[in-house]
Amino acid sequence: MSDQKKMAIIATKGTLDWAYPPFILASTAAALGYEVQIFWTFYGLQCLKKDLNLQVTSLGNPGMPMPMPMPVVVQALPGMQSMMTMMMKQKMKSKGVASVEDLRELCIEADVKMVACQMTVDLFDMNPSDFIDGVEFGGAATFFEFAGEADITLYI
Amino acid sequence: MANFDQELDASGLNCPLPILRAKKALGTLEAGQVLRIIATDPGSVKDFEAFAKQTGNELMESGEEGGKFVFLIKKA
């Protein structure tokens, strides 16, 4: 269908918080009738792993709301990252925010096309069998093939 | 509130789940049938307006009932 609207996303981040924007926008766009393709590159590829182990950290992110003021050196202590990740997941659950896994599943159900950056896969010696089924592999030209006809293109 | 054919309780769910669930529920309806949606996400008020406008499904009613937001959407 040539009159269908299209959205192309480049997703570059591999943290729990930054996994949300591409999945939220892609699933919603699909629900609105868009054809959606996400090109996952660099750390974004973590979001395609079958076993997601996405973490969140306040380090280097002074904008993160903290339950209590905490010096940066304390934030850097061992175990802090997993604690923050756990707290973030709990908070999201209590606020009715979907898990990344659920949003990803909704995207796949809605036929959002996932393209993994072949160069990154090679660069980090990633194993394609660690990724969810249905992922395609390609490069910049593959992205432009779709993005060139897209109504919306986002870099996240 | 007018009659409806199916009800979707999206209470407690946050963006974008009410929209995604509504889209799925509409998929099971026939054209002309009405879906009633209950939500607690304040953002859903504007979102369902936008959803209706973009998908062509008609937002027949949008209101508040007992502290919750209630929408009626007729499938196009």
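## Paired strands E1 and E2 of chain A

In this predicted model, strand E1 (residues 6-11) of chain A pairs with E2(A) in the parallel sense over six bridges. Helices (H or I, at least four residues) and strands (E, at least two) are DSSP runs, numbered from the N terminus, and two strands pair if DSSP finds at least two bridges between them. Within this pairing, Lys6(A) stands opposite Glu35(A) of E2(A).

E2(A) is mostly covered, with six of its six residues buried. A residue is buried if 20 or more other C-beta atoms lie within 10 Å of its own, exposed if 12 or fewer, and partly exposed in between, with C-beta atoms placed from the backbone. In a regular strand the side chains alternate between the two faces of the sheet. Accordingly, Glu35(A), Gln37(A) and Phe39(A) point one way from E2(A), while Val36(A), Ile38(A) and Trp40(A) point the other way.

## Conventions

Residues are numbered from 1 along each chain as its sequence is written, while chains are lettered from A and ligands numbered from 1 in the order in which they are written. As the model is predicted, local features need pLDDT of at least 70 and side-chain atom pairs count only at pLDDT 80 or more, whereas totals for chains, interfaces and linings use all residues.

## Helix H1 of chain A

Helix H1 of chain A covers residues 16-31, 16 residues in number. Because 13 of its 16 residues are buried, H1(A) is largely enclosed by the rest of the structure. Just after this helix, Gly33(A) takes a positive phi of about 100°.

## Loop residues of chain A

Two residues of note lie in the loop between E2 and H2 of chain A: Phe42(A) and Pro62(A). Phe42(A) has a positive phi of about 45° although it is not a glycine, and it is partly exposed because 16 other C-beta atoms lie within 10 Å. Pro62(A) has 8 C-beta neighbours inside 10 Å and therefore counts as exposed.

Asp125(A) is found in the loop between helix H5 (118-123) and strand E4 (136-138) of chain A. Its phi is near 50°, a positive value in a residue other than glycine. With 6 C-beta neighbours inside 10 Å, Asp125(A) counts as exposed. Pro62(A) and Asp125(A) are 63 residues apart in sequence and 32 Å apart in space, C-alpha to C-alpha.

## The sheet and helices of chain B

Chain B holds an open sheet of four strands in the order E1-E2-E4-E3, with mixed pairing. The edge strands are E1 (6-10) and E3 (58-65) of chain B, each of which pairs on one side only. Neighbouring strands of this sheet are turned by 15° against each other on average, direction ignored. Strand E2 (residues 34-39) and strand E4 (residues 68-74) of chain B run antiparallel and are joined by six bridges; Ile38(B) stands opposite Val70(B) in E4(B).

Helix H1 (residues 17-27) of chain B lies across E1, E2 and E4 of chain B, running at about 160° to E1(B). Helix H2 (residues 44-55) of chain B lies across E2, E3 and E4 of chain B, at about 170° to E3(B). Axes are lines fitted to C-alpha atoms, for helices over the stretch in contact, and angles run from 0 to 180 degrees between N-to-C directions. In the loop between E1 and H1 of chain B is Pro16(B), which a cis peptide bond joins to Cys15(B), with omega about 0°.

## Contact between the chains

The contact takes eleven residues from chain A and eleven residues from chain B, where two residues are in contact if their C-beta atoms, placed from the backbone, lie within 7 Å. H1(A) gives the most to the side of chain A that touches chain B, with four residues. That side divides into six nonpolar, four polar and one charged residues. Here Ala, Val, Leu, Ile, Met, Phe, Trp, Tyr, Cys and Pro count as nonpolar, Asp, Glu, Lys and Arg as charged, and the others, Gly among them, as polar.

H1(A) and H1(B) pack at an angle of about 30°, with their axes 10 Å apart. Ser27(A), Thr28(A) and Ala31(A) in H1(A) meet Ile19(B), Leu20(B) and Lys23(B) in H1(B). By class, this helix contact has three nonpolar, two polar and one charged residues.

Notes: The expected span of a helix is 1.5 Å times one less than its number of residues.
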